[in-house]
Amino acid sequence: MSSSLPLPPGSSGLPVIGETFGFLNDPDFSTKRHKQFGNVFRTNLFGRSTIVLSGVDAVRFVLLNENQYFVISWPPSVKTLLGSASVPVQQGSLHQQRRKLLVQAFQPRALASYIPTMTSITQNYLDRWAQKETIRWYPELRNYTLDIACQLIVGISSGSQTRFGELFEIWVKGLFSVPLKLPGTKFSQALKSRQLLLDEIERVVKARQSQENIESDSLSLLLNAKDEEGNRLSIDELKDQVLTLLFAGHETLTSEIASFCLLTAQHPAILERLRAEQSQFKNDDLLTLEDLKQMEFLDQVLKEVLRVVSPVGGGFREVIQECEFDGYKIPKGSQVLYEIGQTHQDSTLYPNPKQFDPERFNPEQKLEPFSHVPFGGGIRECLGKEFARLEMRIFAALLIRNYEWELLPGQNLDLQMIPTPQPKDGLQVKFRRRAS
């Protein structure tokens with residue numbers, strides 16, 4: 001019986017806030033505690049008793065027991081700012097029904113239709129950066145991914161340069177914040193921005209509803225999506241879902257593209273091998289899904305980037321039924337955090353885990369299930385996974401073929417981890433077109 005088992009070792013920290021500040025501000029928070037306590041430890045995060053689990057067995061245990069032992073849990077700020085109709089905060093059968101509707105925007109046919117827009121925006125940014133010569137790349141990449149997300153999800157051109165883009169950035173900054181509705185706080189500003197964003201999305205939705213047979217972006221697909229019973233998303237639901245898709249198609253993707261740029265700059269031999277692979281393809285902008293599927297080494301590199309710098313560190317779950325893991329009791333009503341980043345650094349899964357080695361993902365290598373989960377897994381695997389993979393591959397292919405970049409000296413390349421990994425000094429580079 002799990003009730004007779006001990007709780008995991010650990011500390012609850014300070015009254016009420018527990019160890020939340022350490023968790024948010026110390027990039028080695030979990031590493032230190034795993035060294036002291038092992039793969040399972042107890043803490044207090046965001047005012048709740050939390051069991052932290054790391055390793056492939058832990059990830060498998062949590063992701064395969066959704067709705068049996070665990071349900072999704074989010075920090076209060078995230079839950080409020082995403083909205084109650086947003087699919088990440090929904091549970092049970094409603095979550096599954098809504099996923100089936102939303103996934104229609106990410107089917108292969110839809111993804112193929114996004115390629116020309118992704119390619120065009122990518123090429124425009126690359127040309128612009130080459131003219132600047134020296135750039136702080138991370139904020140530029142935020143604009144780039146937001147422009148693609150706005151264009152393909154709501155049909156807004158150059159979204160990063162609009163009022164919509166400004167409001168979106170304010171909203172994002174409040175997602176992982178203390179949920180105080182006091183004037184001037186990040187959370188309060190994000191709440192105001194959320195409402196203004198929803199108003200603009202509603203305006204776009206109503207304009208789109210007056211048009212016929214237009215399916216050039218995700219919004220059009222979602223407006224037409226029906227479940228098995230013929231039900232569609234209401235406007236209020238659609239607004240929350242669109243805002244969530246914008247976040248999913250922007251924040252983590254920016255982090256991963258920046259990590260790709262950083263890691264390939266630090267490993268010139270890998271970059272040269274990527275260039276050799278690209279030389280096998282026609283050097284034009286007419287990329288196809290078939291071309292992208294044949295870029296096997298690029299796929300290996302991107303998987304290794306996702307392992308080395310996980311865009312999402314882990315996932316929270318609420319315990320709805322007392323259970324046992326690794327000889328410890330996990331009490332009902334507590335919170336569980338399963339760790340993706342720590343699992344990807346497990347030396348029993350990945351020898352020399354700090355080393356950047358794309359050969360780990362050679363097609364001949366067999367990966368243990370749940371050992372590589374950058375997009376989560378189980379019934380809550382990221383809906384936009386293939387959208388993100390498509391954009392990363394298009395960006396990388398066009399970048400590698402025609403451009404060179406080198407890191408400027410004297411900058412801090414350490415990563416700030418919250419809300420997603422990003423170089424502290426913004427990734428400063430010298431950028432130029434390659435000599436033909």
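Entry 1: I sorted the residues that line the second largest pocket and got 7 nonpolar, 6 polar and 5 charged. I note that the model is predicted. Next I looked up the volume of this pocket, which is about 310 Å³. Its lining has 18 residues, and those closest to the centre are Lys303, Leu367, His372, Pro374 and Lys385. I then checked the helices. Helix 15 (296-308) and helix 17 (385-402) each give the lining at least two residues.

**Entry 2: aromatic pairs.** I searched the whole structure and found 25 aromatic pairs. Buried or exposed, I asked of Phe106? Phe106 counts as buried because its relative accessibility is 8%, under the 20% limit. Phe387 is buried as well, at 2% relative accessible area.

I turned to Tyr350 and Phe361. Their ring centres are 6.3 Å apart and their planes stand at 40°, so I logged the pair as tilted. Both residues lie in the loop between helix 16 (340-344) and helix 17, 11 residues apart. Tyr350 and Phe361 are buried.

**Entry 3: a cluster and two charges.** I listed one aromatic cluster: Tyr125, Trp129, Trp137, Tyr144, Phe395, Tyr403, Trp405 and Phe431. The charged end of Arg128 sits over the Tyr125 ring, 4.3 Å from its centre. I also found Arg273 over the face of Phe297, 3.8 Å from the ring centre.

Definitions and conventions
Residues numbered from 1 in each chain as written. Predicted model: local features only at pLDDT ≥ 70, side-chain atom pairs only at ≥ 80, totals over all residues. Heavy atoms only, no water. 1 Å grid on protein atoms, 1.4 Å probe; cavity = no way out; pocket = protein on both sides within 12 Å on 5 of 7 lines; lining within 4 Å. Points joined across faces, edges and corners; volume = space filled by probe spheres on them. Helix = DSSP H or I, 4+ residues; strand = E, 2+ residues; numbered from the N terminus. Nonpolar A, V, L, I, M, F, W, Y, C, P; charged D, E, K, R; others polar. Phe/Tyr/Trp six-rings, centres within 6.5 Å; stacked < 30°, edge-to-face > 60°. Buried < 20%, exposed > 50% of the residue type's maximum accessible area, 1.4 Å probe, protein only. Lys NZ or Arg CZ within 6 Å of the ring centre and 35° of its normal.
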